[in-house]
Amino acid sequence: MNPGYFVSQLLQTLLAVFLAPLMLGWVNQCRAWLQNKSGPGLLQPYRLLLKLFLKDAVIAHNASWLFRLAPYVVFSGMVLAVSIVPVLATDLPFSPAADVIALVGLFATARVFMALAGMDIGTAFGSMGARREMLVASLAEPALLMVFFTPALISQSTALTTIVEALGHRELTLYPSMAFAAVAFLMVLLAENARIPVDNPATHLELTMIHEAMILEYSARHLALMEWAHAIKLMTYISIGIALFVPWGIAQAGDWAMMPLSVGVLIVKLALAGAGLAGLEMVSAKMRIFRVPEFLGMAFLLAVLGMLTHFLLEVNPT
Amino acid sequence: MSLSFTNQLIDLMAALLLLIAFAMLSQRRILRLIHLFAAQGLVLAVNTFIVAYAIARPELYISALITLVLKVIVLPWLLHRLIDRLNVRWDVETLINIPTTLLVGIVVVIIAFNLALPISHLAGTITRSTLGIAMASVLLSFLMMITRRKAVPQVIGFLAMENGLFFAATSATYGMPMVVELGIGLDVLVATFIFGIFFFQIRETFDSLDIHHLEKLKDK
Amino acid sequence: MSGTQLLPSIYLVAAVPLFWIAVGLIGLAHQTQRAEHARLYFPLGAAGGLVLAMAAYPALSGEVHAIVLPLGLPDLPFHLRLDHLSAFFLILLGAVSAGISLYAGDYFALSRYGNVRLICLQYHLFLASMAFVLLADDAYLFMVAWESMALASYFLVTTDHEVDEIRRAGFLYLIVAHIGAIAILLCFGTLQLGQWNYTFDAMRGNTLATGWAAVAFLLALVGYGAKAGFLPVHIWLPEAHPAAPSPVSALMSGVMLKTAIYGLLRVTFDLLHQQIWWWGVAALTLGLLTALFGVMFAAVQTDMKRLLAYSSIENIGIILAGTGLAILFHSYNMNVLAALALSATLFHCINHALFKSLLFLTTGSVMHATSHRSLGKLGGLIRSMPWVAAIALIGTLAIAGLPPLNGFASEWMLFQAFLLTPNLPNTYLNMLVPVGTAAFALAVALAGYVMVKFYGIVFLGLPREPLAHAHDAGLMERAGLLWLALWCVVLGVLPVFAVSALDPLVHALTEGSLQESMRKSSWLFLTASSPEKASYGPLLFLLGIVLVWLATFLLVRRFYHGRVRRADPWDCGFAGLNARMQDSAEGFGQPIKQIFEPFFRLERSHPSPFDARPAYFSRIDDRFWYWVYVPVIRLTETLSALVGWLHQGRIHVYLIYSFATLLVLLLLIQ
């Protein structure tokens, strides 16, 4: 493996990690514009992170080492995830470390640590958040796996690199099963990243929180890492969606000629996706917590339906 | 082996049809059911249009136009008026809960797909792979009729079933003779009117549109 | 050194159970203080376990050895055989029991009930009989060892026999074990095809007609299922495993269930060498249903050992599903895929043995420290029991199937096997198996939920009842726990070694092998058919996470600061927060109870505002008890009542019976 590959890997990781707050800022800015407000500016998340890093960490008296470890594990998990997903280029050195199943497992690890940290302090809010988060996860994770299996069946592989190459570098084909998978993926994205209609990321009412309730006790640098990890997770999910459903423009690792085009196309896609997400949030209302299993059940069944459609329409084309 | 572009479009329309059938199965609100029904009609019309273009049969263009007028404009408007006058905008209740309905739906789809495979080998049209999806939509609409408590969603299920049959006809035999098609269209229109009258009668008698009240008519 | 000078390892392997029996007998006779006794004999048993694992390891890839012992019936002496399958399960038995026995040394030294000499005998007899089950090469030794295993474990389960519930649990266990034993006996009867030769060699040589082969398979499924915990003969598991002392629960859940899997694999792949496709579908469906059942019930439990018992049912379901896949592929002669499915299943066997035993042992420590078993009374033990909490975290992460630990590695391989099913020739199967994959994914995800509940309620938060005297585990307990945790981590981070060690075994059973695909990739990456198609590198995972964590930690400290202040938790303006406001075990399981309500049988009574003493009662029952067992019990009682009519109680009637029998016999002999 030539050094160019490692440089691509490092470039992708650093770019994704440091641009993730900008992505979040863009989504919030779009939401503000859609609500006819002027918004806090694109760089607001960076200012928030800076403020949090400078503060003293205030920790409950009975917090254990798990509480202090969890933000680092969650952040590392997300950074690792974004290094594996082909954002800028395929065939990166880190990509054989995980295929789609391992990626889902990585998200699960980060989530379990967050849930355990939420339960660590022993308040009602933390355990409620942990319980709700694990409920959403236990339905969203199978749906996500099924969504990933449709492109895996099409490209006969579960390695993201191979999937992107199969879908992106072949001639243009419309796969109806991918249509099902796309709808299901969108629903899972909303659930896993705590967006409306599953969870309101801007809520201040503890009883309506899912994700926020788990990190309620965190402050300063721990909260900064958690928020940053949340932004990176959103970026990773959107990148996975782009890699699976609109993969044109992702370069080969080490292919420096394609790289500027790749970065440009990526920025355009991310901007469109962010605006789309903001628009979707504007037209939906947050669901009751017990409607969420139905929502995720629908996503799950749509994904399974996508796999079945693949067998009917795409395996033996007439 | 890649398919021609029109084949891919037809497959895509079929997939959208199945998606809408599933979405109707899981919908709670009657207004959204009507919108989904209109969307289904639109997908049907577009599909008929594409098939007409691909095999160059002019009568299918007319068929597409009739579908568009009837199923996307007239019927949804009639249904809209109906629910306005009946004042039935509330949530739909189901006999079994929605996740279980969806699970049964998946099993139904698997059965339909497997039943359609040998038949589609016999058919000679370009759209034969979509026969399975057509059968699945028919069965799913039937399932919708079975699992609803109120009368209006059952009617929409009936109309959606007719949509599925129309799609099956398009995919297996390139549409039906024009006479048959006009006849079916007229039947559907008349049926909707009669359903409307019936619903008013039911509501007069029982003060509610819950179907299980009809059981009271049984001789004891 | 030539081969003839070295004794085949079967002698060493067969000597270990004899050593265990000796330890048990000497321990029974030796009268001394409880603590001394336990701390002497159980570590001896642990040493035996280690020797067993090390002695059996060469046989995993070596030749097959068989010996005949001069014991047993006159025309059927005890045959012993050490082949690849036995070697694998013997390694499992040896390695896992080493950790458990070491822990048990401290545990039984400190426990308050039960006669430690008797426990020592029963425990070591249990271990020895399991070893003989794995070594047996004829039906007689197998059944003798199987029955002694059931009896020894029964006595161990009812150690604390003063408690009604525990006696009932033991009785139920004994009954279901014997129902299973009858089925296994009948299965062996079917396999010997009327030749009256009960050695496994003879059975291997027989070719059964399709109908009889199916009967044998179904009998094996029922018989071994009664010991392993398949639906619906799982009914004893959630009662017996919690009732037993924790090391015994660990041994039962970790090792005994696997001997049943060994039996199923031995009958299906070895004795019935050709399978039919619908066996695979039946096993797959039953396995997935068992897995979903187990995890759903685990989510609503309030007793930590019952939760782990239901989780065992779930994992056994997964193992059965993997076996079903292997059978399915093998019946269509897709041998490489069968090899993949079987490797995944066997890997999951040993992984489950490791992490389940680990978790049961930690519950033992928790029970010793707090004398509570109910989740509603525990909490916050991470502060008073740091070692146990840290090791339990490893066990929890492993069982929840999280990378980079071992649970995820075997589940990853199983997913790969599921994904390759579209190559099957039958179109119905093609479409049904993705639905099976969905069910498997759901079971795995719910397992994560269950384990967060377990760890969070026991170790995190605040104690729900005063637990001031909670103390950490003793030295030997820690050693046993660390041994098991170490293997969880090693197998998770370096799975390729385990899978390549399994390869000769898998090849012997399915004629397929993963050698090809392993050769294409390196020791770092686990792969299914080829590295381009799927690869997972757990070591890179672990290194990646650790590196980023260190980098972040150091960078944040360098550019900002690491100051910490302590304060009260956020109370939302409500001053009276206390430990009872955390989620109880019931509360944490409530969403699952609500979503999956049709599957539970709930009995609830809510307090009303008019009650003088409001009380809340809720009980979740297993529907299978009412569907299957209660009708059978009623039928048995009716039949017994009918037959009981024969007992008239008057002497004349009994004399008439004897007279009539005599007459009939005289007439017959004519």
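**Exercise 1. Characterise the contact of chain B with chain C.**

*Solution.* Step 1: six residues of chain B and five residues of chain C take part in the contact, where contact means heavy atoms within 4.5 Å. The model is predicted, so local features need pLDDT of at least 70 and side-chain atom pairs count only at pLDDT 80 or more, while totals for chains, interfaces and linings use all residues. Residues are numbered from 1 along each chain as its sequence is written, chains are lettered from A and ligands numbered from 1 in the order in which they are written, and side-chain values use heavy atoms, with hydrogens and water left out.

Step 2: chain B and chain C bury about 520 Å² between them, 74% of it on carbon and sulfur atoms. Buried area is the accessible area (1.4 Å probe) that two parts lose on being put together, summed over both. On the side of chain B, 71% of the area buried against chain C is supplied by B:Ile110, B:Asn114 and B:Leu117, more than by any other three residues.

Step 3: between chain B and chain C there are zero salt bridges, a salt bridge being a side-chain nitrogen of Lys or Arg within 4 Å of a carboxyl oxygen of Asp or Glu. Zero residue pairs are in polar contact across this interface (both at pLDDT 80 or more). A polar contact is a pair of N or O atoms within 3.5 Å; within protein, one must be able to donate a hydrogen and the other to accept it, and residues adjacent in sequence count only if both atoms are side-chain atoms.

**Exercise 2. Describe the interface of chain A and chain C.**

*Solution.* Step 1: about 6,800 Å² is buried between chain A and chain C, with 72% on carbon and sulfur atoms. In chain A, the residues that lose the most area to chain C are A:Tyr72, A:Met119 and A:Arg131, together 9% of what that side buries. The contact involves 77 residues from chain A and 73 residues from chain C.

Step 2: the count of salt bridges between chain A and chain C is three. A:Arg131 forms a salt bridge with C:Asp583, and their closest N and O atoms are 2.8 Å apart. Across the interface of chain A and chain C, 26 residue pairs are in polar contact (both at pLDDT 80 or more). Helix 5 of chain A gives the largest share of the side that touches chain C, 18 residues. Helices (H or I, at least four residues) and strands (E, at least two) are DSSP runs, numbered from the N terminus.

**Exercise 3. Is C:Gln275 buried or exposed, and which residues is it in contact with?**

*Solution.* Step 1: C:Gln275 sits in the loop between helix 10 (246–271) and helix 11 (277–299) of chain C.

Step 2: C:Gln275 is buried, because its relative accessible area is 4% (buried means under 20%, exposed over 50%, partly exposed in between; 1.4 Å probe, protein chains only).

Step 3: a polar atom of the C:Gln275 side chain lies 2.9 Å from the backbone oxygen of C:Thr268, and one lies 3.4 Å from the backbone oxygen of C:Leu272. Leaving aside neighbours within four places in sequence, C:Gln275 is in contact with C:Thr268, C:Phe269, C:Ile327, C:His330 and C:Ser331.

**Exercise 4. Summarise the secondary structure and burial of chain B.**

*Solution.* Step 1: chain B has seven helices and zero strands.

Step 2: of the 220 residues in chain B, 54% are buried. Among contacts in chain B with a separation of 6 or more, 76% join residues 24 or more positions apart.
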